[in-house]
Amino acid sequence: MVENRRARRLVCTIAAMLAMAGLAACSKEDGLSLPMAPHPNVPAVTHDNYPHIGTNEDSGRNILYPSQRIALERNIARTGIEHSRNLERRLEAESENAPNTN
């Protein structure tokens, strides 16, 4: 019970110190200031024309239409099913050919 009170006091003290430090950091002569951009002469960008930073504009990937996406998903699913069937056949063949170790 005593340890619980000490832990609470410690947490409250730390929270109060952090709050005072935050208020001290915000207290300037002109009041609360909003964060400013590091370079105030940055040109404005329209909402539909964002710059490409660190990437190429063309990723080289073709855009899939919904019908193409559905066909691709079916093809992937079919390939997965075929792969699992082939794996099952191989495992069955190996288990039939393996000597009995009873």
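Helices here are DSSP runs of H or I with at least four residues, and strands are runs of E with at least two. Counted that way, this predicted model comes out with two helices and zero strands. Helix 1 covers residues 2-26, and helix 2 covers residues 66-97.

What share of the 102 residues is buried? The figure is 0%, where being buried would take a relative accessible area under 20%. The protein as a whole exposes about 10,700 Å², and 57% of that area is supplied by carbon and sulfur atoms.

How open is Arg 6 itself? Its relative accessibility is 58%, so Arg 6 counts as exposed, the cut-off for that label being over 50%.

Charge isn't the whole story, though. A nonpolar patch also turns up on the surface, built from Leu 10, Ile 14 and Leu 18. Together these three residues have about 310 Å² of accessible area. Ile 14, one of the three, belongs to helix 1 as well. Is Ile 14 exposed or only partly exposed? It counts as partly exposed because its relative accessibility is 43%, a value that falls between the 20% and 50% limits.

The model has one salt bridge by the rule used, and the partners are the side chains of Glu 73 and Arg 69, with 3.1 Å from N to O. Where do the two partners lie along the chain? Both are in helix 2, and because they are four residues apart there, about one helical turn separates Glu 73 from Arg 69.

The two partners get separate accessibility labels. Glu 73 has a relative accessibility of 42% and so counts as partly exposed. Arg 69 has a relative accessible area of 51%, so this residue is exposed.

Conventions:
Residues are numbered from 1 along each chain as its sequence is written. This is a predicted model: local features need pLDDT of at least 70, side-chain atom pairs count only at pLDDT 80 or more; totals for chains, interfaces and linings use all residues. Side-chain values use heavy atoms; hydrogens and water are left out. Buried means under 20% relative accessible area, exposed over 50%, partly exposed in between (1.4 Å probe, protein chains only). Patches are made of residues with over 30% relative accessible area and no salt bridge: like charges are joined within 9 Å, nonpolar side chains (Val, Leu, Ile, Met, Phe, Trp, Tyr) within 5 Å. Accessible areas come from the Shrake-Rupley method with a 1.4 Å probe; for residues, only the protein chains shown count as cover. A salt bridge is a side-chain nitrogen of Lys or Arg within 4 Å of a carboxyl oxygen of Asp or Glu.
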